[in-house]
Protein chains: 2
Amino acid sequence: MAMTRPMTIGHLARETGVRVETIRFYEKCGLLPPPARTGGNYRAYEESHLRRLHFIRRARELGFSLDQVRAMLAMSDNKNQSCEAVDAIARVHLEEVERKIADLTELKQELDRMVNHAHGPIADCRIIETLNR
Amino acid sequence: MAMTRPMTIGHLARETGVRVETIRFYEKCGLLPPPARTGGNYRAYEESHLRRLHFIRRARELGFSLDQVRAMLAMSDNKNQSCEAVDAIARVHLEEVERKIADLTELKQELDRMVNHAHGPIADCRIIETLNR
DNA sequence: ATAGACCCTGTAGTCGCTACAGGGTCAAGC
DNA sequence: GCTTGACCCTGTAGCGACTACAGGGTCTAT
């Protein structure tokens, strides 16, 4: 019988770009279901794990928190529900991102002002002066 | 003799907008020097602490890490040095901020694309689809 | 004398991993 | 059959920058 080797955690890691320790961490905190084990107690993954981990990785890249990812996964497992709840999560996250961009842009302006000045002795360092205001 | 009351940690907190616990935390990790103590073992702060804490707060608001703040404080204590090192820290930080803005802007575009689509059953939810790619 | 606001120390929790320590398993080469 | 080295296992501790207790003590006003 042709017995293809089980997919190990290392395979999954290389395939998805998620580190081995992180995969175990995702399992521990309930994001990735515990896979079957081989005789030697190695984790043996299936295609479904691969897909789920890809999903998690992509969502994380997009800055969703693990809680948000968890919620979205639960919804996508529940195929007959409406997509509104997922949309709501994405919208909240989008707002957070927009707020962060605005904050950082203000910050950048202030840092620009601080940095673009001549150097001298500490006593009249513009940066320290600015921070002391 | 007129004995003004010592400045308590609560005063310092109200004055600077830094929480009491955070002030103690800054002391523990060496950012704020340990003040004198009253008979009842309360911390009794001086003007210098107030100034230093203002500095820390401002730098934190501008997104400098505690390590960066520590370095800048050390330099500003050392008044006869040049200001170049402080400038270098600020420049590195500015670059980080710029990179973050760029990343978040890309992110926002992708989220915009995800969110601006009609709702339907989960089965053809654009968001989940996008995350599955 | 007592209530209530404030202060103290020390420890554990948050988030999302990362990095060990101290072992076991497996495939290939000799 | 034995060894080497790559891989896997569990469990725990660490990061940064706080935050939130628990279990006490102090100070001020009534």
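Which residues are the closest to DNA strand C? In this predicted model, local features need pLDDT of at least 70 and side-chain atom pairs count only at pLDDT 80 or more, whereas totals for chains, interfaces and linings use all residues. Residues are numbered from 1 along each chain as its sequence is written, with chains lettered from A and ligands numbered from 1 in the order of writing.

DNA strand C is surrounded by 20 residues, the closest being A:Gly40, A:Ser65, B:Thr8, B:Gly10 and B:Arg43; a residue is near a strand if its C-beta atom, placed from the backbone, lies within 6 Å of it. The residues of this surface comprise five nonpolar, nine polar and six charged, where Ala, Val, Leu, Ile, Met, Phe, Trp, Tyr, Cys and Pro count as nonpolar, Asp, Glu, Lys and Arg as charged, and the others, Gly among them, as polar. The largest contribution, three residues, is that of α2(A), helices being DSSP runs (H or I) of at least four residues, numbered from the N terminus.

Within chain A, the axes of α4 (residues 66-77) and α5 (residues 84-115) come within 9 Å and cross at roughly 160°, the axes being lines fitted to C-alpha atoms over the stretch in contact, with angles from 0 to 180 degrees between N-to-C directions. α4(A) is therefore roughly antiparallel to α5(A), a term for angles over 145 degrees.

Chain B can be laid on chain A with an RMSD of 0.1 Å by a turn of 180° and a shift of 0.0 Å along the axis, the copies being superposed by least squares on the C-alpha atoms of residues with pLDDT of at least 70 in both. The two copies are thus related as by a two-fold rotation axis.

Technical notes
Helices (H or I, at least four residues) and strands (E, at least two) are DSSP runs, numbered from the N terminus. Angles under 35 degrees count as roughly parallel, over 145 as roughly antiparallel, 65 to 115 as roughly perpendicular and the rest as oblique.
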